[in-house]
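Subject: Handing over the structure

Hi,

Here is the structure I promised to pass on to you. Have a look at it first, and then read on for my notes on what turned up.

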Amino acid sequence: MPELPEVQTILDALTPLILNREIQSVTPLWPPVIDRPERVLFQQWLQGRRVIETKRRGKYMLFRLDDDRWLILHLRMTGKMRVVNASEPLRPHDRLIFHFSDGDDWRFEDQRKFGRAYLVEDPAEIVGKLGPEPLSDTFDANYLARILARRTAAIKSLLLDQRIVAGIGNIYADESLFLARIHPLRPGSSLTQDEIAALVAAIKTILAQALTEMGTTLRDYRRPDGSTGSFQNSLQVFRRTGEPCPSCGAPIQRIVVAGRSTHFCPREQPLHG
Ligand SMILES: [Zn+2]
């Protein structure tokens, strides 16, 4: 699933391709992709509109329209976007098409069908409950310490909770916990002040590096021009089960936390000090 660096990279590439272009009509090839409002209203409200601003919040892409409504998209597992001439043949998993009046299409393709589109007057309706952006100043050691003090769940699952911090998924949770040398199953409330500070710093470092490298390409992630990111070459533990830890040589271990594959160095990230 695309996480913060992938969503930001896609949005950065997409923005110049769609900004200020008039949407003439919308074709929902698979109508359930539209979460709200109902399909006919969704199509009517978008007719003749232009995207005048784009933003990312967590893993959501927000598109402000020239009537001040917001189109919001979430790619979930396999969502992809591209802008092509309307004469280009459709792909089997194309779900939603925005037709520009100048003859190009903005197409949303999604093999697994978990991606969703929303059209709302107030984006808070969709993104209002998200926690702070991990790269913002609001996300600091004081904030995280306050949250973790009351939480006994595994730190890995807390990092995946979008209400605590927005935009982190499986890859960057594992990589951040490794960089901070914290076992993914440690209860949130057991982390010391120093560990919390190290974890916040690790999250910011990892995400900033992944943004520079245009994200991690494992299977489905593609930028709108079909190109890939390169952070997969920088992964230290994620999907490296059994390989030597790049820092100490111990074999990387895999466990399941909150239903998700989790990778860590058993020597440098001990469960009990
Ligand atoms: Zn190690």
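This is a predicted model: local features need pLDDT of at least 70, side-chain atom pairs count only at pLDDT 80 or more; totals for chains, interfaces and linings use all residues.

Strand β2 and strand β9 (residues 116-120) run parallel and are joined by two bridges, and two is just what the definition asks for, at least two. These strands belong to an open sheet of five, ordered β2-β9-β5-β4-β3, with mixed pairing. At its edges are β2 (34-36) and β3 (51-57), each of which pairs on one side only. From one strand to the next, the twist of this sheet averages 25°.

A helix lies against this sheet too: α1 packs on it and touches β3 and β4 (60-65), with a direction that makes about 180° with that of β3.

While you are looking at helix α1 (residues 4-18), find Q8, which lies in it. Is Q8 buried or exposed? Q8 has 21 other C-beta atoms within 10 Å, and a residue counts as buried at 20 or more, so Q8 is buried. If we set aside the neighbours within four places in sequence, Q8 is in contact with R56 and L211.

**The four-stranded sheet**

Next, a second sheet. Four strands make up this open sheet, in the order β1-β7-β8-β6, and their pairing is antiparallel. The edge strands here are β1 (23-28) and β6 (79-85), each pairing on one side only. The twist averages 15° from one strand to the next. Helix α2 (residues 39-46) packs on the sheet, where it touches β1 and β7 (94-100), and its direction makes about 160° with that of β1.

You can walk across the sheet pair by pair:

- β1 and β7 run antiparallel and are joined by five bridges; S25 has H99 in β7 as its bridge partner.
- β7 and β8 are also antiparallel, over five bridges; I97 has R107 in β8 as its bridge partner.
- β6 and strand β8 (residues 104-110) run antiparallel and are joined by seven bridges; M81 stands opposite F108 in β8.

What lies between β7 and β8? The two strands form a hairpin with three residues between them, and G103 in the turn has a positive phi of about 100°.

**Helices around α7**

Finally, the helices. Helix α7 (residues 193-212) meets helix α4 (residues 141-148): their axes come within 9 Å and cross at roughly 120°. The two are therefore oblique to each other, and the crossing of α4 and α7 is right-handed. On the α4 side the residues are A141, L144, A145 and L148, which meet Q193, I196, A197 and V200 in α7. The residues of this contact divide into seven nonpolar, one polar and no charged.

Helix α6 (residues 170-179) meets α7 as well, with axes that come within 8 Å and cross at roughly 130°. That makes α6 oblique to α7, and α6 passes α7 in a right-handed crossing. From α6, the contact takes in Y172, E175, S176 and L179; from α7, it takes in L199, A202, I203, T205, I206, L207 and A210. Eight of the residues in the contact of α6 with α7 are nonpolar, two are polar and one is charged.

After α6 comes R181, whose phi is positive, near 55°.

Happy browsing, and do write back with any questions.

Best wishes

How values were computed. Residues are numbered from 1 along each chain as its sequence is written. Axes are lines fitted to C-alpha atoms, for helices over the stretch in contact, and angles run from 0 to 180 degrees between N-to-C directions. Angles under 35 degrees count as roughly parallel, over 145 as roughly antiparallel, 65 to 115 as roughly perpendicular and the rest as oblique. A crossing is left-handed if the near helix is turned anticlockwise from the far one by less than a right angle, and right-handed if clockwise. Two residues are in contact if their C-beta atoms, placed from the backbone, lie within 7 Å. Ala, Val, Leu, Ile, Met, Phe, Trp, Tyr, Cys and Pro count as nonpolar, Asp, Glu, Lys and Arg as charged, and the others, Gly among them, as polar. A residue is buried if 20 or more other C-beta atoms lie within 10 Å of its own, exposed if 12 or fewer, and partly exposed in between; C-beta atoms are placed from the backbone.
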